[in-house]
Amino acid sequence: MASSMLLRSTLPRTFASATGRNVLLSALQVRAASSTTQYVPGGRMAQVNDPTEFPPPSRTHGSYHWAFERLLAASLVPMTAAAFATSGSSYPVFDGLLGLSLVMHSHIGFDSWIVDYVHNRKFPILGPIMTWTLRSATVGVLVGVYQFNTNDIGLTELITKVWTA
């Protein structure tokens, strides 16, 4: 019974002091919000009428990058047809070009996914890890395709054998 009496007497004081503390904190926050100099993470925030700063043109970003992706994707169709129309062992250059184009097309697609969904601002640890994992996997696949084209039957002969099996 004494413990319930103690609880009844301390409980209202705890809430009263917490409420008073909350009122004091909210008053301080309102005062800080009405200040003329607010802290903005990352620097000064642009206003509505400020001119937009455009990034300098780069061949690896923007429209050049987009045009290269589309050109590579569109060239895969005739390149694949040419590689299968001619035997891969007769023209090993087609095997090399097809292997390189497929790997680069896949790398660009996965890199776009990483940039869009696992960007460094939101995932500062996972983003760079995935980017470097993709780069190392791309180099490994390029080495494997090169070894397969030079020391084995080649990419088009493999696909022909799998297709007719």
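This is a predicted model: local features need pLDDT of at least 70, side-chain atom pairs count only at pLDDT 80 or more; totals for chains, interfaces and linings use all residues.
Close-up 1. The side chain of Gln147 joins that of Asn151 through a polar contact of 2.6 Å. By a polar contact we mean a pair of N or O atoms within 3.5 Å; within protein, one must be able to donate a hydrogen and the other to accept it, and residues adjacent in sequence count only if both atoms are side-chain atoms. Gln147 has a relative accessible area of 39%, so it is partly exposed (buried is under 20%, exposed is over 50%, and partly exposed falls in between, using a 1.4 Å probe and protein chains only).

**Close-up 2. Asn149 and the backbone of Asp95.** Asn149 also belongs to helix 4, which spans residues 126–151. At 18% relative accessibility, Asn149 counts as buried. Its side chain reaches the backbone oxygen of Asp95 at 3.3 Å. Setting aside neighbours within four places in sequence, Asn149 is in contact with Asp95, Gly96, Gly154 and Leu155, where contact means heavy atoms within 4.5 Å.

Close-up 3. Thr156 sits in helix 5, residues 155–164. With a relative accessible area of 2%, Thr156 is buried.

**Close-up 4. Helix 2 against helix 3.** The axes of helix 2 (residues 63–85) and helix 3 (residues 92–117) come within 10 Å and cross at roughly 145°. Axes are lines fitted to C-alpha atoms, for helices over the stretch in contact, and angles run from 0 to 180 degrees between N-to-C directions. Helix 2 contributes residues including Phe68, Leu72, Leu76 and Met79, while helix 3 brings, among them, Phe94, Leu98, His105 and Ile108. By class, this contact has 13 nonpolar, 4 polar and 1 charged residues; Ala, Val, Leu, Ile, Met, Phe, Trp, Tyr, Cys and Pro count as nonpolar, Asp, Glu, Lys and Arg as charged, and the others, Gly among them, as polar.

**Close-up 5. The Arg70 and Glu69 pair.** Side chains of opposite charge can pair when their charged atoms come close. Arg70 and Glu69 meet in a salt bridge at 3.3 Å, N to O, and a search of the whole structure finds 1 salt bridge. The term covers a side-chain nitrogen of Lys or Arg within 4 Å of a carboxyl oxygen of Asp or Glu. Arg70 is partly exposed at 40% relative accessible area, whereas Glu69 counts as buried at 13%.

**Notes for all views.** Residues are numbered from 1 along each chain as its sequence is written. Local features need pLDDT of at least 70 and side-chain atom pairs count only at pLDDT 80 or more, while totals for chains, interfaces and linings use all residues; side-chain values use heavy atoms, leaving out hydrogens and water.

Technical notes: Helices (H or I, at least four residues) and strands (E, at least two) are DSSP runs, numbered from the N terminus.
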